[in-house]
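Have the structure open beside you as you read.

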Amino acid sequence: MSDSAAKNILSIYRRHADAYASQRSRTLFEKRWLDKFIAVIGGKGSILDIGCGNGQPIADYFIQQGFQLTGVDGSAAMLSRARQSFPDQRWLEQDMRELTLNDNFDGLIAWDSFFHLTQQDQQKMFPIFAQLSHPGSALMFTSGPENGIAMGQFEGEPLFHASLAPQEYRALLSANGFEVVDMMMEDPHCTGHTIWLAKKRG
């Protein structure tokens with residue numbers, strides 16, 4: 001079940017973009033962490049939102065703060081909404097596992113997207129994060145609290161999530177030039193999210 005569900009993630013978000021848009025909370029419960037991320041970046045600059053969805057509410061918040069945003073998502077239906085809402089930003093249809101951009105960014109964020117990858121694919125993302133960043137860049141992503149696979153459900157379909165162990169995330173970050181700035185397991189003030197915030201070493 002988990003193997004087929006892992007392969008089905010992009011299909012779910014492509015087919016259920018309308019349902020996602022109507023159900024995604026816009027209360028910005030993530031704001032405290034988004035502000036920490038901005039503080040690491042240190043002002044204005046460019047942000048890569050990996051798994052940006054329709055751009056609401058996270059990309060929207062960064063745009064309001066004056067950042068230039070590039071959003072990447074594997075769902076054309078999601079990106080269509082983002083382009084309509086924010087035509088002055090850059091929106092790219094790509095699978096995050098195959099990201100090929102010639103740019104680097106002041107901040108990279110993969111909020112509630114990276115954890116849909118298999119454990120093996122998550123491991124392979126860290127060199128991509130390194131390639132897309134520069135000394136001083138911020139990186140923030142959400143994960144599970146421990147090594148394992150967790151199945152959720154969206155629109156009646158199984159929704160795959162996976163996580164590495166915290167010590168493996170720390171090792172992967174360090175090996176790819178990042179130092180952990182802040183990390184919270186199941187933050188009760190952020191709907192139970194486990195959050196990693198790191199900075200690329202100079």
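Below, each label is set against its cut-off.

Q: What should I know about the model and its numbering first?
A: This is a predicted model, in which local features need pLDDT of at least 70 and side-chain atom pairs count only at pLDDT 80 or more, while totals for chains, interfaces and linings use all residues. Residues are numbered from 1 along each chain as its sequence is written, and side-chain values use heavy atoms, with hydrogens and water left out.

Q: Why is Cys190 called buried?
A: Buried means under 20% relative accessible area, exposed over 50%, and partly exposed in between, with a 1.4 Å probe and protein chains only. Cys190 has 1% relative accessibility, so it counts as buried. Cys52, at 8%, is buried too.

Q: What makes the peptide bond from Gln56 to Pro57 cis?
A: Its omega is near 0 degrees. Pro57 lies in the loop between β1 (46–50) and α5 (58–64); helices (H or I, at least four residues) and strands (E, at least two) are DSSP runs, numbered from the N terminus.

Q: How do you know that the buried residues of α8 lie on the same side?
A: In α8 (residues 166–175), the buried residues are Pro166, Tyr169, Leu172 and Leu173. They cover an arc of only 125 degrees around the axis, so they are on the same side of α8; the arc is that of the directions from the helix axis to the C-beta atoms. Gln167 and Ala175, on the other side of α8, are exposed. Following α8 comes Gly177, with a positive phi near 90 degrees.

Q: Why is the pair of Phe37 and Phe62 called tilted?
A: Rings of Phe, Tyr and Trp (its six-membered ring) pair if their centres lie within 6.5 Å; planes under 30 degrees apart count as stacked, over 60 as edge-to-face and the rest as tilted. By this rule there are 15 aromatic pairs. The ring centres of Phe37 and Phe62 are 5.4 Å apart and the planes are at 45 degrees, so this pair is tilted. Phe37 is in helix α4 (residues 31–41) and Phe62 in helix α5, 25 residues apart.

Q: What makes Phe126 and Phe141 an edge-to-face pair?
A: The planes of Phe126 and Phe141 are 80 degrees apart, with 5.8 Å centre to centre. Because Phe126 lies in helix α7 and Phe141 in strand β5 (residues 133–143), the pair ties together parts 15 residues apart in sequence. Phe126 is buried at 0%, and Phe141 is buried at 0%.

Q: How do you know that the charged end of Lys36 sits over the ring of Trp33?
A: The label needs NZ of Lys or CZ of Arg within 6 Å of the ring centre and within 35 degrees of the ring normal. The charged end of Lys36 is 4.1 Å from the centre of the Trp33 ring.

Q: Why do Asp187 and Arg32 count as a salt bridge?
A: A salt bridge is a side-chain nitrogen of Lys or Arg within 4 Å of a carboxyl oxygen of Asp or Glu. Asp187 and Arg32 meet at 2.6 Å, N to O. With Asp187 in strand β8 and Arg32 in helix α4, the pair ties together parts that are 155 residues apart in sequence. Asp187, at 0% relative accessibility, is buried, whereas Arg32, at 39%, is partly exposed. The structure holds six salt bridges.
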